[in-house]
Amino acid sequence: MPPTPITFSPQTRPSAAAHLTAEQVEQLGAELDAIRAEVMDSLGEADARYIHKIIAIQRGLEMAGRGALLFSRFPPAFVAGTLALSVAKILDNMEIGHNVLHGQWDWMRDPRIHSTTWEWDHTTPAEAWKKTHNYEHHTFTNVRGKDRDLGYSVMRITPEQDWRPVDLIQPLTNVGLSLIFEWGITLYDLEFDRVQDGTKSKEELKKDLKVLWRKLRRQLAKDYLLFPALSGPNFLRTALANLTANVIRNVWSHAVIFCGHFPDGTETFEEDRLEGETKGEWYVRQMLGSANLTGSPVFHIMTGNLSHQIEHHLFPDMPSNRYAEIAPRIREICDRYGLTYTAGSLPKQYGKVVRTICRLAFPGGGTKKGAQVTALPAQTGPARSTDGTPVRLAG
Amino acid sequence: MGVLGSIGQRARHVAGWFTQPLLPDDLLGTLNPLWSRVEPHARVVGVRRETADTTTLLLRPGPAHPVHVAGQFVGIGLRIDGVWQWRTYSVTSAPGDRDLAVTVTALPGGTVSGALAHRTPVGALLRIGPPAGDFVLPTPVPEKLLFLTAGSGITPVMGMLRDLSARSESLSGAVLVHCDRTPADLVFGPELRALAAETGLTLIERHTAVEGRLTPETLTDVVPDWAARQTWACGPTAMLDALTEHWARAGDPEALHLERFVPPAAVAEGLTGGRVSFTTSGIAADAGPGTPLMAAGEAAGALLPNGCRMGICHTCVGKLRSGAVRNLHTGDLTDTPGQAVRTCVSGAAGDVEIEL
């Protein structure tokens with residue numbers, strides 16, 4: 001528990017969208033709506049085959065990995081098994097679990113692959129995740145004080161968050177969180193901070209804990225008791241391999257997820273922005289609050305297509321295999337409206353995140369780099385800042 | 001079943017700890033869809049063209065598929081453009097047959113019936129639901145039987161006749177009156193004529209293109225002792241409605257057994273539509289006048305229990321939490337919270353909440 005509650009100071013920097021008129025924002029919204037409708041209408045057999053194939057690959061890898069680890073005494077089996085299991089867990093959580101739980105595949109009407117029936121290889125139950133992630137994070141993306149994903153209530157990730165002495169150790173907190181990310185999310189989904197400030201009742205917490213325990217004991221038994229026991233004399237090695245696979249998955253997903261909203265160029269927002277926010281303004285916030293990762297097709301699959309974080313935040317329920325094809329069009333829209341489309345390689349973006357975390361461990365840090373503000377050639381009306389008063393463009 | 005079943009259940013329970021968070025059935029289904037008990041599949045092992053628009057599909061379900069009773073139907077699921085679509089078809093094979101047969105007539109503009117009748121090759125995998133329906137013969141089978149069928153209404157009766165002829169040599173106590181436009185339209189024509197010759201079944205073919213529709217009056221001409229027979233009838237709504245009326249007036253309504261094939265059309269008066277919210281899934285959708293709640297929910301991505309989709313099987317029922325619904329066929333209003341509502345034949349009467 002943080003010793004002092006998290007508070008925010010008012011924003012001092014202008015938004016990168018400050019130059020857009022209300023009409024331009026609505027026009028941008030209409031363009032994005034059209035892209036969404038076009039893709040959703042074209043979903044078909046090829047998409048269904050894609051997700052079935054990914055699921056079959058994931059299950060095959062998991063069975064192969066666990067099979068190899070029955071012989072974990074032999075180093076090649078240990079290494080190959082651990083790797084296969086790591087990849088299987090990453091696919092399960094990212095390209096499959098995260099996206100199925102978003103309802104991206106509900107259109108197939110397949111009870112086997114549906115957001116209401118899916119459960120994933122993760123300590124947090126799907127139901128708890130859907131609430132904090134699908135609803136809170138995706139609705140209130142990067143709104144300070146509303147999006148609890150901003151620093152996950154343990155870190156200072158944006159300069160507007162007031163500094164607390166505990167933030168001094170946040171570079172270490174980050175490394176620790178990376179290793180146990182799965183558990184971090186599980187604790188976070190229990191919303192202890194909301195119990196503390198009274199917005200979540202003790203009874204609700206108790207109920208959540210019960211659901212969690214029912215899942216947790218099975219998750220733990222499988223990785224640290226049953227499969228190790230099945231490998232007989234190799235018990236400890238198999239348990240170690242399973243732990244390693246879980247940690248590899250944790251480090252990987254932590255890196256990908258932190259690169260989604262925290263690198264330079266991404267923006268955070270004031271809470272009062274939400275009041276009367278239009279669909280177009282919502283789209284703008286999603287675009288400015290997210291950042292993409294560049295890489296190969298396999299890399300995109302391994303990130304659960306969160307490498308297309310911007311596209312994902314615009315259309316959270318669009319099947320992830322379609323993000324790559326709309327990405328150039330989204331980038332073109334961003335260029336045309338003078339909005340930042342942040343993208344970079346994983347090492348580069350993660351480096352920026354770590355730099356920010358280190359800088360913000362100390363007070364201040366208000367001049368976060370990267371938020372480029374480009375003026376549009378033609379201004380048809382007064383530009384608006386987030387609080388509604390006209391502003392001049394920042395240079 | 002008892003001991004083996006409980007051992008099997010325990011084995012699945014133990015295996016579930018190893019397959020967490022999946023069920024063992026998920027993995028079996030990935031390896032071979034036919035092995036899944038939760039989502040049973042069947043493979044198409046034979047395709048027989050019956051008429052220009054009607055095809056019999058011979059299906060081989062997985063080992064866990066329950067045996068049907070002659071006259072029952074099964075749900076058939078087909079993936080079209082990535083989306084699972086379900087329809088209900090009578091089983092035309094006898095319960096003892098190795099393969100299960102369904103006979104599908106392609107309806108004009110019917111995407112699912114068209115795909116099943118014309119574009120489903122041998123080797124295709126379909127999903128299959130459990131057999132259901134109470135359009136079946138009692139035990140012991142009554143001696144004097146009358147079957148009244150029209151068009152594809154012959155399908156459940158074909159299943160019954162195949163079953164009866166497999167069990168006894170003589171069907172001399174049974175009469176089948178079948179209506180179709182022309183002799184070429186009768187789906188099982190040659191087989192029925194052969195069956196009549198072999199078993200003594202009285203087969204009366206009525207070709208409506210020449211003779212006009214079967215009416216209760218003409219029935220008396222062709223089957224004078226109709227009132228003394230237990231009758232099973234299946235065909236278009238208009239025919240079944242006329243028969244119901246006739247039996248109520250001049251016969252014993254208890255002796256008439258009906259199977260309605262088409263989902264009842266939205267004929268009720270005063271249909272308003274409204275917004276339907278499914279409380280378990282949290283999905284809400286606008287259901288226009290005449291749109292079943294199920295169709296509205298599915299279009300919005302809800303996963304709803306479903307079966308026959310025509311108000312017969314009660315697989316789709318959900319509790320009414322608030323608001324009111326109207327039966328699209330009869331117009332009956334249901335507005336008591338807690339009452340069970342069949343979502344496939346109910347439309348919204350204003351805003352409504354269903355516990356599904």
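Chain A of this predicted model has an average pLDDT of 89, and 91% of its residues score at least 70. Across residues 368-395 of chain A, however, pLDDT stays under 50, although the model has 57 contacts beyond four places in sequence for this stretch. Where pLDDT is low, the predicted coordinates should not be read in detail.

**Contact between chains A and B**
- On the side of chain B, 16 residues are in contact with 26 residues of chain A.
- Two or more residues each come from α1 (2-19), α2 (24-31) and β4 (83-90) of chain B.
- Sorted by class, the side of chain B that touches chain A comprises seven nonpolar, five polar and four charged residues.

- H114(A) is located in the loop that lies between α3 (75-101) and α4 (126-139) of chain A.
- Because 20 other C-beta atoms lie within 10 Å, H114(A) is buried; the cut-off for this class is 20 or more.
- Apart from neighbours within four places in sequence, H114(A) is in contact with D106(A) and with L303(B).

**Strand β3 of chain B and its partners**
- Seven of the eight residues in strand β3 (residues 73-80) of chain B are buried, so the strand is mostly covered.
- β3(B) and β4(B) run antiparallel and are joined by eight bridges; in this pairing, F73(B) stands opposite S90(B).
- The two strands, β3(B) and β4(B), form a hairpin with two residues between them, and D81(B) in the turn has a positive phi of about 50°.
- β3(B) also pairs with strand β6 (residues 125-128) of chain B, in the antiparallel sense and over two bridges.
- Within that pairing, I76(B) stands opposite I128(B) of β6(B).

**Five-stranded sheet of chain B**
- Five strands of chain B make an open sheet with mixed pairing, in the order β13-β12-β19-β14-β17.
- At the edges are β13 (283-287) and β17 (340-342) of chain B, each of which pairs on one side only.
- On average, neighbouring strands of this sheet are turned by 40° against each other, direction ignored.
- Strands β14 (residues 317-322) and β19 (residues 352-355) of chain B pair in the antiparallel sense over three bridges.
- K319(B) stands opposite E355(B), which belongs to β19(B).

Notes:
Residues are numbered from 1 along each chain as its sequence is written. Chains are lettered from A and ligands numbered from 1 in the order in which they are written. This is a predicted model: local features need pLDDT of at least 70, side-chain atom pairs count only at pLDDT 80 or more; totals for chains, interfaces and linings use all residues. Two strands pair if DSSP finds at least two bridges between them. Helices (H or I, at least four residues) and strands (E, at least two) are DSSP runs, numbered from the N terminus. Axes are lines fitted to C-alpha atoms, for helices over the stretch in contact, and angles run from 0 to 180 degrees between N-to-C directions. A residue is buried if 20 or more other C-beta atoms lie within 10 Å of its own, exposed if 12 or fewer, and partly exposed in between; C-beta atoms are placed from the backbone. Two residues are in contact if their C-beta atoms, placed from the backbone, lie within 7 Å. Ala, Val, Leu, Ile, Met, Phe, Trp, Tyr, Cys and Pro count as nonpolar, Asp, Glu, Lys and Arg as charged, and the others, Gly among them, as polar. pLDDT is the predictor's confidence in each residue, from 0 to 100.
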